Amino acid sequence: MNRTLRGGTAALAVATLVLAGCGRDSGGGDEAPEPAAEVAEGAASGSIEVWAMGTEGEKLGDFAQAFVAENPDVDLQVTPVPWDAAHDKIATAIAAGETPDVSMIGTTWMGEFAATGALDPTPDLIDTGSFFEGAWGTTEVGGTNYGVPWYVETRVLYYRTDLVPEPPTDWDGLTAMAQQAKSSGAAYGINLQPGETGAWQTFMPFAWQAGAQLTNEDGTEFTIDSPEFVEALTYYQSFFTDGLAPTDLPQGTLEQDFVAGKIASFVSGPWHVGILEETENADMSKVALAPLPSGAEQASFIGGANLAVFKDAENRDAAWKFVEWLTRPEIQVQWYETVTDLPSVASAWEDPAIADDQYLGVFGEQLDSAVAPPSIPTWEEVASVIDTELERLTKAGADPQEVSTAIQQQASSIGTGL
Amino acid sequence: MTSGTTVRPGAQTPGRAGSYELRKHSPLYRRRTRAAWGFALPFVLLFAAFTVGPVLMSLVMAVTDLRSRDLRNPLAVEFVGLDNFVAVLQDPLFRKAAANTAYFVLVGVPLALAISLAIAVLMNSGITRFRTIFRVGYYMPVVTSIVAVAVVWRFLLHPDLGMVNQALGWVGIEGPNWLESTTWAMPAMIAMAVWRSIGTLIIIFLAGLQGVPTSLHEAAALDGAGAWQRFRHVTLPTMRPTILFGAVITGIGYVQFFEEPFVMTQGGPLNSTLSVAFHTYNQFGFGNYGYAAAMSYVLFVAVVVLALVQFRLLGERDTPRKPRRTLRPVASKEIGR
Amino acid sequence: MSTTTGRASRPPAEPAPPETEPPESRRTKERPIGEARPNLVVYLILGLGLVVVVSPFVWMAFSSVKTEGEIRRVPPTWWPETFTLENFQELFQRLDFPQYFFNSTLVAVVVTVGNLVFCSMLGYVLAKADFAGKNLLFRIVLGTLMIPGMVTLIPLFVLIANMGLVNTYWGLFLPFLAAPFGVFLMRQFFLAIPDELIDAARVDGASESRIFVQIVIPLAKPALATLGIITFLGSWNNFLWPLVVATSEDKYTLPVVLALYSTGQNQINYGLLLAGAVVVVVPVLVVFFFLQRFFVQGVALTGIK
């Protein structure tokens with residue numbers, strides 16, 4: 001025992017010595033926006049290493065042959081990365097200085113990875129005005145933009161036309177819709193995620209609709225606890241206390257219950273169209289989509305993925321040229337046709353391939369007012385606090401004001417990380 | 001291993017038991033040490049490089065405020081001493097998770113050990129048919145994809161349609177909504193974890209049972225000992241090192257339990273199935289590396305304490321106070337290779 | 001070594017003479033005396049338990065040939081209503097199977113062989129030899145076994161990167177060649193091997209390495225089989241490390257590639273996921289089936305004297 005203890009103490013002593021020479025050089029916080037370097041003119045050349053997740057990673061290699069055809073000197077290597085551990089892979093790669101030239105990055109990870117200093121600021125090569133405002137906002141961290149939005153998704157209301165005659169346009173309408181659906185036979189008028197991972201994505205649209213702001217202008221302080229935020233919490237909670245939304249729906253039964261008419265509506269993103277189509281006995285003629293009803297303002301959540309170039313990229317200029325190519329409107333339309341990713345470039349939505357789709361129009365409309373969560377390094381952690389507190393609100397009947405204070409207090413102690 | 005050899009018959013000459021103790025600085029001891037380290041060397045080299053090294057680095061991590069933003073320049077962090085550890089112990093979510101984990105371990109580990117030992121003994125009890133089917137079958141939960149496991153268990157535990165509640169209904173009990181109940185979600189997690197871990201334990205115990213000499217069973221049976229008595233007085237003592245191994249390994253696994261809540265409940269409802277390992281995983285995900293590392297080492301201390309208790313309960317005292325191994329006189333000539 | 005205490009405390013005289021052992025135990029190899037007839041109750045209990053433990057596996061196998069809609073149905077179906085090989089077809093169409101199968105097999109076999117060799121060597125001396133540093137070594141090995149794996153991921157990757165092993169096979173298996181788990185397991189099994197066998201060989205003038213290879217290893221077959229199964233499975237299913245170390249697709253292992261196809265940012269494709277789970281489990285079952293044969297009794301007391 002003694003020997004082991006002594007060994008441990010020695011290791012600690014060594015560690016302390018090593019650390020004595022360390023320390024942060026600056027307090028961080030209010031640094032000036034980072035300037036972006038120019039990208040050289042002309043065709044791209046050299047090898048470009050790209051990481052992309054899931055289907056995007058699988059399909060991008062072939063898709064990008066058109067880019068290689070335009071730039072014959074380019075050797076493009078796309079490595080697909082499973083979503084499951086993509087975050088860990090990027091984090092470890094940054095730690096070891098083994099980053100690729102370009103990587104796809106989930107929008108909610110932007111703050112964290114940008115804060116490591118591993119991402120290259122977006123150069124003038126990119127037409128920043130072409131993106132949806134909410135999408136472009138996901139690339140801005142501490143006053144500097146890193147990377148570009150690649151594709152987007154947003155949340156809308158899915159409803160059954162036989163239970164909901166007219167989609168609601170405001171909060172009172174949504175409540176009335178749920179009540180009416182319930183009285184005409186549905187077990188629940190609406191499904192809103194009551195808690196657990198990602199519940200904030202369903203709730204936050206209501207907070208933004210009420211006019212709540214999560215942080216101050218420069219993202220250094222949280223301003224969560226506000227009358228607007230409490231108002232949204234109270235409204236969200238009312239669906240559960242009135243029995244209009246389920247608190248204990250077993251996982252994986254939402255689609256079936258919706259198809260069976262037990263649940264009249266729910267809030268989700270574009271992928272649910274495909275899931276519903278695959279659900280057995282689904283009668284898609286009874287399924288319709290509508291933008292979320294508005295409160296004081298119209299708002300929804302915007303997600304998706306961005307493309308970022310790393311500072312350690314060996315072929316930075318070519319990497320940015322490739323990224324620029326992927327954000328051209330016509331390429332965005334082709335990419336939608338390849339993997340059904342919704343374009344982040346607004347003008348791509350005018351293409352008939354997208355504009356004529358019966359469901360997509362609703363998403364396009366919603367995207368104009370969709371809001372991104374603050375791109376701060378600690379966002380994922382703050383979001384998990386919101387998830388936990390929402391569960392208390394919906395399942396344990398916690399007081400909205402108290403929940404709001406609790407979120408504010410925990411978020412403040414986490415800090416924005418900027 | 002007190003009585004492991006007690007019951008072993010034959011082969012032992014009287015007088016050996018009282019043999020002299022090997023002196024620490026005898027040439028023989030030194031030769032033995034050299035020979036033994038020769039055996040140990042390949043492992044030790046790899047182990048030092050790829051396990052001890054990273055572990056020491058992670059220990060350093062635990063006493064700094066390393067966060068994901070420091071990844072590119074990990075030396076530019078502040079030394080914070082034990083601040084992370086203090087913060088961990090004050091974290092209400094950690095306390096909640098620790099209580100959940102303790103519940104899970106204290107109920108789950110004995111349950112898993114008892115069930116798998118019982119099954120292993122039954123499988124080794126002289127059945128001749130379907131042996132391979134049983135061996136392979138009971139190992140299935142270990143190789144079944146966690147996602148498939150989750151789907152089937154979620155169905156089993158479904159409040160209205162699930163088989164568990166239907167079976168309870170036959171005896172007039174109205175089963176709960178297992179996974180959505182703060183009271184019943186944890187028992188469901190324990191059942192699932194036990195179900196998933198017995199496969200490995202059974203093969204470990206089966207292998208251990210092969211070391212129990214049949215002649216002892218025979219002798220005991222001739223003396224009129226029943227099956228239970230033979231299990232208690234013949235099988236259990238010989239199996240002790242194996243059971244200890246099973247207990248420690250299961251303890252380590254259960255203290256770090258994570259997958260079941262991860263796929264089934266996400267730690268809910270209302271954090272009732274949040275485990276320390278899950279909480280730690282989240283903290284790593286948030287990029288709070290220093291804090292998460294400190295939490296890992298708090299978990300480590302818990303495992304060590306648990307293992308010490310198990311070493312004590314199951315007979316092998318891993319303390320320097322125990323008597324040194326005695327050397328048999330015959331061995332002295334041949335030991336040096 | 002606490003064996004001593006036990007040995008010292010027991011009366012030296014023991015009735016059964018060793019010579020009578022071999023024939024007797026060979027006769028009762030499969031069925032110890034007193035267990036007159038394989039008991040119906042035993043079959044019943046084991047049979048019922050079997051249903052409980054295999055049903056999710058059966059569901060996984062059946063569901064891999066169902067449509068996505070049927071897989072998602074609540075309550076789930078057991079027998080596929082519509083039989084389809086679509087999931088497998090799509091999987092094999094998208095998957096460069098030979099390449100990933102080769103990568104997974106190479107890594108798992110190297111890791112398994114490494115652990116069998118290195119862990120049994122160290123486990124043997126920890127159980128059966130007396131030498132300076134033994135207790136400390138055992139405690140360190142056991143201690144690292146108890147450290148949660150997550151905490152060393154980044155330091156380990158930085159180390160591998162500094163060695164220039166990112167995206168190499170060496171980087172994939174080197175960190176796992178010598179795992180504390182195996183040492184602990186082998187040590188515990190070696191503890192149960194009678195010292196007499198080893199001592200007898202020493203009397204006959206056998207070297208330590210010879211004793212190890214010719215006496216100890218044959219005795220430890222069930223233990224080696226156990227370690228082999230557990231290590232192979234662990235390596236075969238390892239997901240995070242291969243994903244982090246491999247930076248190009250040609251070094252990916254099966255679980256990494258399967259995760260790629262089945263899990264999206266917001267949804268899971270259950271059909272592909274279950275088909276992948278079936279594909280990935282087959283080699284594990286083959287290895288298990290092969291190794292479980294070594295769980296036979298009798299070696300310890302009949303083979304060597």
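A polar contact is a pair of N or O atoms within 3.5 Å; within protein, one atom must be able to donate a hydrogen and the other to accept it, and residues adjacent in sequence count only if both atoms are side-chain atoms.

**Conventions**

I noted that this is a predicted model, in which local features need pLDDT of at least 70, side-chain atom pairs count only at pLDDT 80 or more, and totals for chains, interfaces and linings use all residues. Residues are numbered from 1 along each chain as its sequence is written, chains are lettered from A and ligands numbered from 1 in the order in which they are written, and side-chain values use heavy atoms, with hydrogens and water left out.

**Entry 1: the two domains of chain C**

I looked up the division of chain C and found domain 1 (30-90) and domain 2 (95-303); such bounds come from an automatic or database domain assignment. The centres of these two domains of chain C, taken over C-alpha atoms, are separated by 28 Å.

I then examined where they meet. In chain C, 12 residues of domain 1 are in contact (heavy atoms within 4.5 Å) with 12 residues of domain 2. The two domains of chain C bury about 990 Å² between them, 76% of it on carbon and sulfur atoms. Buried area is the accessible area (1.4 Å probe) that two parts lose on being put together, summed over both.

Across this interface of chain C, the rule finds three residue pairs in polar contact, both residues at pLDDT 80 or more. On the domain 1 side of chain C that touches domain 2, the elements giving two or more residues are α3 (40-63), α4 (68-71) and α5 (86-94). Helices here are DSSP runs (H or I, at least four residues), strands are runs of E of at least two, and both are numbered from the N terminus. With five residues, α3(C) gives the most to that side. I recorded its residues as six nonpolar, three polar and three charged. For this grouping, Ala, Val, Leu, Ile, Met, Phe, Trp, Tyr, Cys and Pro count as nonpolar, Asp, Glu, Lys and Arg as charged, and the others, Gly among them, as polar.

I also counted salt bridges (a side-chain nitrogen of Lys or Arg within 4 Å of a carboxyl oxygen of Asp or Glu): between domain 1 and domain 2 of chain C there are zero.

**Entry 2: record features of chain C**

I consulted UniProt, whose unreviewed entry places "domain: ABC transmembrane type-1" at residues 101-291 of chain C. UniProt annotations may be inferred rather than shown by experiment. In the model, that span of chain C is 74% helix and 0% strand, and its end C-alpha atoms lie 20 Å apart.

The UniProt entry also lists "transmembrane region" spans in chain C, among them 40-62 and 211-233. Residues 40-62 of chain C are 100% helix and 0% strand, with end C-alpha atoms 30 Å apart.

**Entry 3: chain A against chain C**

I found 32 residues of chain A in contact with 33 residues of chain C. Together these chains bury about 2900 Å², 59% of it on carbon and sulfur atoms. Two salt bridges cross the interface of chain A and chain C. In the one formed by A:Glu280 and C:Arg73, the closest N and O atoms are 2.5 Å apart. The rule also finds six residue pairs in polar contact across this interface of chain A and chain C (both at pLDDT 80 or more).

Several elements of chain A give two or more residues to the side that touches chain C, including α1 (2-20), β1 (46-53) and α4 (86-96). The largest share, six residues, comes from α4(A). That side of chain A divides into 13 nonpolar, eight polar and 11 charged residues.

**Entry 4: within chain A**

I read the domain assignment of chain A as domain 1 (46-153 + 302-371) and domain 2 (154-301 + 374-414). Their C-alpha centres lie 28 Å apart, and the two domains of chain A bury about 2000 Å² between them, 64% of it on carbon and sulfur atoms. A:Tyr359, A:Phe363 and A:Gln366 supply 34% of the area that domain 1 of chain A buries against domain 2, more than any other three residues.
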